[in-house]
Amino acid sequence: MSLCAGCPSAGAPAAPPASPLRTVALVGPPNSGKSTLFNKLTGLRQKVGNFPGVTVERHTGQVFFPDGRAVTLIDLPGVYSLSPRSEDEQVTRDVLTGALPDTPGPDAILLILDSTNLARQLMLAAPILSLRIPTLVVLNMADDLRGRGGSLDLEALAAQLGAPVALVSARQGEGLEPLFEFLRNSAGAPQPRELPVLQEIPKCRQWAGRVSHRSGYHPPAPPLWTRRLDALFLHPVAGPLTFLGVVLLVFQLLFTAAAPLMDGIRFLVAASGRWVEAVLPASPLRSLLIEGVWGGVGSVLVFLPQILLLFLFIGVLEDSGYLARAALIADRTMARFGLQGKSFIPLLSAYACAVPAILSTRTIENKRDRVATILIAPFMTCSARLPVYTLIIAAFLPNRPLAGAFLGTRAAALLGLYALGFGAAVATARILKSSVLKSERTPFMLEMPSYRWPTFQSLGLRLLDRAKVFLRRAGTVILAVTVGLWALAHLPLQEGKAPPIEQSLAGTLGRTIEPAIRPLGFNWKIGIGLVTSLAAREVIVGTLGTIYGMEGDAHSQSLQQSLQKDLTPGAAVALLIFFAFAMQCISTIAVVRRETGGWRWPAIQFSYMTALAFLGAFLANHLV
Amino acid sequence: MLQLSVNKRRSDAHRGPALTDLRRGEAGVLDRLDLPEEDARRLMELGFLPGSRITAALSAPGGDPRVFEVDGSEVALRRETAARLKLRFEPGSPGMVPNP
């Protein structure tokens, strides 16, 4: 069968079109393989940002032609219809009608549909074709359709829709020539034989059924492998066990497999820092570079491998189709906290780092569930809290066996802190979901896609994109904050030199906030640590090391001894609880602002977590 | 082969059988969606149209949420939602039929 029907004359010398295409939008229902196709067409020439004013991601990319012309592709969110009920649908509709200020309306549309379920997928064709924008209907998953014995008459479908139709497999890169041809030459506005009344969904479905019937569509046999795998993954016993296994594996690998890579980055940061230190003469600039830039940004960069590994796992789980099953299995448990199954993976990820966790909440379509998940994610005990916990616990708690050789007092204390964070998250979720974020009663519905092999290209591009987002933030917000904190610790200059930290601005700040933190049992030195740890939690270890004039190292005996002198046991517990609850992390604040599209939520979150931290620490200091 | 006795099952007795009354492998014909207009439209876009044939498939442990086969795709719904999707039920010719 021909792979393109009604396409602009392939092979014939292409006359330059009167008005060449500049912007082309990709539209399609979720799971139609739209993003895979977008990646295939644009490769590395793509950019990810947000649509102005909303949290919907905007992917744009370029397709270049030999004559030097370029077409910009916009990958729109997956939607089932254009009735603007969700933010995704609103954005899709606004882009297509040219209503968005920063995005010109597209000159043409690629409508991506899953060819293995054509009759239902065609429902989206009705509102798209009625826009009267030149449209190429791309039937994706040709390999699946063929493999499972389905078929259709492309000519007939093109005639019914009054628009060119191409049958492709985006994953295999098969049959894409008609797409390039279309992007080069475009086509006229679609002339469908008939269109249904768009407001009436049953009418749309009947129309779609008629069109696919008249196109000789033979639906393929049910996906055998998907049924087989689901019999395992959704088995009453094997299903939850597999789920648990996957969760433990991800969790374990996040810490073990990432460790050597993180050590590698730590080594590179330290080595390059030493090199800079050796090359530059002793000067405030060198101090700024070493302590400010290298110390601050370096300590955040270390998390890059963990973040990338996490997104690799999420990518594999999502692209393979297992994530939908995992969300299904986790749904009931999460529902008890007022959340839903899709919140599970982000919350799990938050044990590594809240930043990628918050970025990964994008898989949650329900806005309120997504915001609730974002708000509670920082309560999960991230790896940046570990050095702080280790230092305090080691300084104040002798390690005695508690339950045989398996559990010592220190490990138990650490586990207790993990539980504390989890408990705070659950309680907060319940409060949020029964008040401000009470779900708008949108029923939970989750389409189970067929299982597919993830493609290297999609995984690679996703990792590259996340790395860029993270590095851009490390290079801007985090850099600015760490340099600012460095300045606080090194100004005002005394006789042209940095003052001892007690007399620096940070020291002054520490003394200023001392009255506020004294009820918690903290002195001004801890106060400075609290201020500097806003950059990243573990920075407090280095700061305390500097203040006490010792190596900043969680395992340093002398630092532990100094802390024992300065903190009562009650204050030590208070400090632990403070770090369990407080949102001491600029990167998280920055990413929450980006993902929620404003300062409102991060401000509420920061105030709430800090208040909780103060309250918890106050109680601990007075009760212990 | 699956003879159904709808009334014994857990359902909103006064409102008739719903998707929640289907056991795994059983199919029924959707009659109406007892949901607010917006939510009903969303489900209809996924294929839950009155008159369409819906088959109960696998579920999460405990039976909630459950996957339903509808219009060529598989969609998971929570019990609270499935309970409001009512099945066509006519005395003498039950709307529920075993999946062929």
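**Walking through the model**

Author: Chain A has 27 helices and 11 strands. Helices (H or I, at least four residues) and strands (E, at least two) are DSSP runs, numbered from the N terminus. This is a predicted model: local features need pLDDT of at least 70, side-chain atom pairs count only at pLDDT 80 or more, and totals for chains, interfaces and linings use all residues. Residues are numbered from 1 along each chain as its sequence is written, while chains are lettered from A and ligands numbered from 1 in the order in which they are written.

Reader: Which residues have the most contacts inside the largest nonpolar core?
Author: A:Val138 and A:Leu575, in a core of 204 residues. Such a core is a set of buried Ala, Val, Leu, Ile, Met, Phe, Trp, Tyr and Cys residues joined through C-beta atoms within 7 Å. Buried means 20 or more other C-beta atoms within 10 Å of a residue's own, with C-beta atoms placed from the backbone.

Reader: Which helix gives the largest share of this core?
Author: Helix H25 (residues 569-581) of chain A, with 11 residues.

Reader: Switching topic. How many residues of chain A are in contact with chain B?
Author: 27, against 28 residues of chain B. Contact means C-beta atoms, placed from the backbone, within 7 Å. H14(A) gives the largest share of chain A's side, 4 residues.

Definitions and conventions
Buried ≥ 20, exposed ≤ 12 C-beta atoms within 10 Å, placed from the backbone. Contact = placed C-beta atoms within 7 Å.
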